[in-house]
Amino acid sequence: MTTWTPDPTFYPSPRMAMKAPPEKHAYVAAFDPARRKPDTIAVVDVDPGSSTYSRVVGSVEMSSVGDELHHFGWNACSSCLCPNAPHPHVERRYLVVPGLRSSRIYIIDTKPDPRNPKIVKVLEPKEIAEKTGYTRPHTTHCGPGGIYVSALGNPDGKAPGGIFLMDHESFEPLGRWEVDRGPQRLGYDGWWHLGYDTMVTSEWGTPDTFENGLVPEVLLGSGYGHRLHFWDFTRRTHMQEIDLGAEYQLIFELRPAHDPTKAYGFVNSVISLKDLSSSIWMWHRDGDKWAVKRIIDIPAEPADPDLLPPVLKGFKAVPPLVTDINLSMDDRFLYVACWGTGDMQQYDVSDPFEPKRAMRDFR
């Protein structure tokens with residue numbers, strides 16, 4: 001008789017996860033923007049009691065050049081304990097690492113030696129495109145039904161992206177996630193409220209409008225993403241679209257509340273066409289529908305026009321270009337990365353409708 005024991009790093013609640021032992025290693029993507037040598041995943045020692053604390057203690061090099069690694073994640077996590085689609089026997093062991101430019105996905109085994117990870121499988125672009133209809137994989141989330149991968153385009157890079165599924169253990173692509181995509185035409189991130197049976201997705205653009213840099217005509221013409229989409233998670237059908245407004249371009253990172261009883265989350269708009277500011281929006285339940293509220297505005301910073309590129313000289317300012325956000329496990333603090341101005345800002349979002357600046361200038 002075989003007894004299945006859940007991975008001890010799976011936790012039934014965020015509260016239990018916060019009480020768990022801290023990680024001893026962190027895995028960090030490092031890529032060559034010149035695309036002359038392979039990208040790598042570096043291993044950083046994050047154990048304060050270790051003699052090599054804060055140092056790179058290992059790495060694994062990708063097998064090809066020009067992947068452009070971005071967001072990656074585990075093959076399995078606590079969501080495998082979800083009561084309506086449980087996979088308690090799956091182990092959190094493998095990193096699923098997409099190459100945004102190459103459309104290749106690497107499967108990296110972090111055991112038995114977490115400092116010496118190994119590539120055990122490579123999914124080539126042709127296989128992914130044939131089985132899912134998508135390319136340019138960007139973000140992975142381990143979930144109750146498998147590994148959810150958000151992709152930014154179709155095989156020729158000129159048509160909509162979406163989400164496809166991979167098997168937790170074999171890593172085979174299982175096909176497109178959406179059954180009825182409704183009006184959704186652009187993709188970026190995807191995440192969920194399992195307790196409300198809801199998937200949320202955001203928008204960027206098709207690969208032909210960003211792979212060689214943002215296209216000014218598309219940006220100024222409000223041609224990039226400015227909508228959120230809400231889906232029936234079980235039926236995989238589109239339920240609701242919310243337009244944040246054509247002024248607010250590039251709707252990127254989704255950070256839902258960790259508390260499964262809470263139906264709200266945060267998303268960033270990278271740039272406003274009006275004044276170059278960035279903004280943070282909160283989505284929430286409003287009766288039987290979803291609604292959004294703009295809760296944080298981060299203005300552009302004044303700058304000497306002589307030091308600015310041509311497109312910004314007339315504004316005499318540097319845009320914050322918020323490209324990433326993160327929510328603390330207790331849902332109290334939101335961290336906001338301002339890529340354009342080079343600082344990190346912290347907000348107390350204990351009341352998500354009325355955030356308060358807690359700290360800024362992690363420069």
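Here are a few notes on the chain as a whole and on Asp39.

1. A word on the model: it is predicted, so to speak of local features takes pLDDT of at least 70, and side-chain atom pairs count only at pLDDT 80 or more, while totals for chains, interfaces and linings use all residues. Residues are numbered from 1 along each chain as its sequence is written, and side-chain values use heavy atoms, with hydrogens and water left out.

2. The chain has 4 helices and 25 strands (DSSP runs, H or I of at least four residues for helices, E of at least two for strands, numbered from the N terminus). Its radius of gyration is 20 Å, close to the 21 Å from the globule rule for 363 residues, so the chain is as compact as a globular protein of that length (C-alpha atoms; the rule is 2.2 Å times the number of residues to the power 0.38).

3. Now Asp39, which sits in the loop between β1 (25-30) and β2 (40-45). Asp39 is buried but has no salt bridge, and the nearest side chain of opposite charge, Arg104, is 8.6 Å away. Buried means under 20% relative accessible area with a 1.4 Å probe, protein chains only; a salt bridge needs a side-chain nitrogen of Lys or Arg within 4 Å of a carboxyl oxygen of Asp or Glu. Opposite charge takes Lys and Arg as positive, Asp and Glu as negative, with His and the chain ends not counted.

4. What does the side chain of Asp39 reach? The backbone nitrogen of Asp32, at 3.1 Å. A polar atom of that Asp39 side chain also lies 2.8 Å from the backbone nitrogen of Glu68.

Definitions and conventions: Buried means under 20% relative accessible area, exposed over 50%, partly exposed in between (1.4 Å probe, protein chains only). A polar contact is a pair of N or O atoms within 3.5 Å; within protein, one must be able to donate a hydrogen and the other to accept it, and residues adjacent in sequence count only if both atoms are side-chain atoms.
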